[in-house]
Every structure is written in structure tokens, then in C-alpha cells.
Amino acid sequence: MGDTVKLMVGFRPGAAYDLYARLTARHIRRYLPGNPAFIIENSPEVATETAKRIYQAPPDGTTLAALIPALYLAQLTAKGDAGFDLTKLSWIGSPTKSHYLLYMRSTAPFKTMRDIRESSAAPVCGAGTETTTGYYLPRLFEETLGTKFNIKMGFEEGPDADAAVERGDLQCRALTIDGFFSHEPYPTWIKTGLVRILLQTGAKRDARLPDVPTLYEVMDEFKTSASARSLAKLVLASSEFGRPFAGPPGMAAQRVKMFRDAYGKAMKDPALLAEAKKSPLEINPTTGQELEALAKEVVSQPKEIVERMRKLMGK
């Protein structure tokens, strides 16, 4: 084990992905041989670029990456080589399984998903690329609920879209529930009534959102077809990936086990849990073995479901 480990984070400091990555790095090092220092490399970029870079990194344990959960969507919809194969990455663990929500600016005339479905004017939501929740979740809602959204793309990161919402240039955005409750401006937005939450994607209502319906409840209300529900299951598998840590392909089995064991111990560390609670960051970890199995499952979907997902992603 070297003296340092480079952790690639494709987001700016202070974003939820960055907060989880730094929290984990501060505590996992104590459970690794030599107590190596973690050097965080923040590089806001197209999410697939971070995946390509970790895929090409040396498999010696000196480089890891904090990845977005929806990379399998990019791999499944790529017309050629995606530049990475999730089934070959060395999965280490994820600190949380996070479902999603859709928030709406309170001045917008939409209080429910039915309001959106029945409106002649689509709400304007912000997104980055097709692999970000801001894009593919509204598209999923269109496929499963018959709603329509006007998605404005090109925002470098979530905070850029949030700033546009605050200015009144956008009306809505989809993101993780954990991200929404982890940092500003969201707590202040709720207190001031700037936004309301219209929908969440978990199988049951999150304790923090007891009055917000789930996608499954609304699909029942709208009598969504079985094929659309299968599509929802595939797209929402990103919730199970959470905010995963991974190493390059080809890492020695013993080294992968070393990182996985250290990760598991860090996630149970009282100091980490206390810091997470104070932040607040939800800790609901997934093991590297579970992530490895999930990666194999999601990239081996039936052709008809993948083709429908291609359409959803605009491919």
C-alpha cells in the first residue's frame, strides 16, 4: 500500500457526491495498511469521463473514483464502445442507497403530478447531460405517468441548475433525496417556501417526506402498464448504486478485499456516523460484492427494455 491514494471526484467541492467522498476518505484510511493520505481530485466534468479515467488507471490501489450511480445507462445506450465496462470495475462500496425526488418552484402552477399531466404547458426543469438525474428522471416520468417536461440541458452541475431555479429561470429539478437534505440551499428553500416536493421514487415514503407520494403510488393511480413499470425498475436501479466507490479493472483480489473490508469497517465507525449525522448525510451502506452483482444484473437486460430506455434517453 502506498503513502497516498488519489480519489477522483467528478464534482466541485461541496456537492453531495463530494461531501460523501470526503467523509469516507477521512475515515477509511484508518483501516488501510499504512494509514495512507487520500488526495481528493475534484474535476467537474461529464460523468462518463470520470468512469473512463478510472477504467484506465493503474490497478495498484493508488487511484479510486467516486462515481455517479447511473453510468450503466450510458453503457447500455452507447452506440459503440462506452469507454468502460461496469462489470469489470473493482467495486468497493457505497455509503448510501438514495432514492430521488422532484422539486417544483412554489410559484409554478403545479402541485401534483396530475397537474403536470393535464397541463398544456410543460414545467421547465434543469439538467446536465443525459446521464444525470435532472434529465433521465423527468423522461422516466413521461414514460410512466404521461407527464410532459421541458428540459433545459447544459448545466455543469446541480448547483448551477438550482441557482437558475432561485432566479426564476427554471421551475423544477430532480435529484437524490439525500442530496436534498444534506446541504444548502434546500433547507432554507423549504423554510421559506421557495419549493415544494411533488414526487419521490422509493418503494415506500421516506420518513423525511411523509406527505409526498411515491412514483409507485402515482403509477397505481394512473394505471401504468407492466412494460413501463419494468422500465422504471431498470432506470431506478441507480438508487441501489447510491454514491459508489470503485477501483480500476484488474486489481488483485486481495487488494480489492482489503479496500472492501476497510470500507465496511469505516461505515460502522462511530466517528464517521457521528460526523454524518451532524452534516447531515444519510448512511445506508452497500457492500462491494452487492455493487458487483448489481452491475452484472443491470447491463444484461432484455433487448426490448434496453431499446425503450434508449428512446427515453434520446438515443
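Analyst: **Helix packing**

Just after helix α6, G168 takes a positive phi of about 95°. The model is predicted, so local features need pLDDT of at least 70 and side-chain atom pairs 80 or more, whereas totals for chains, interfaces and linings use all residues. Residues are numbered from 1 along each chain as its sequence is written, and side-chain values use heavy atoms, without hydrogens or water.

Helix α6 (a DSSP run of H or I, at least four residues) spans residues 158-167. Its buried residues (under 20% relative accessible area, 1.4 Å probe) are G158, A161, D162, A164 and V165. Viewed down the axis of α6, these residues fall within an arc of 160° (directions from the axis to the C-beta atoms), so they line one face of the helix. They pack against the strands β5 (100-105), β6 (124-126) and β8 (172-176), and against helix α8 (186-192).

Helix α5 (residues 133-145) packs with α10 at an angle of about 165°, their axes lying 9 Å apart. That makes the two helices roughly antiparallel (over 145 degrees). Y136, L140, E143 and T144 of α5 make contact (heavy atoms within 4.5 Å) with A228, L231, A232 and V235 of α10.

Helix α15 (residues 303-312) packs with α10 at about 75°, with the axes 10 Å apart. The pair is therefore roughly perpendicular (65 to 115 degrees). Here α10 contributes S227, A228, S230, L231, L234 and V235, and α15 contributes I305, R308, M309 and L312.

Notes. Axes are lines fitted to C-alpha atoms, for helices over the stretch in contact, and angles run from 0 to 180 degrees between N-to-C directions. Angles under 35 degrees count as roughly parallel, over 145 as roughly antiparallel, 65 to 115 as roughly perpendicular and the rest as oblique. Buried means under 20% relative accessible area, exposed over 50%, partly exposed in between (1.4 Å probe, protein chains only).
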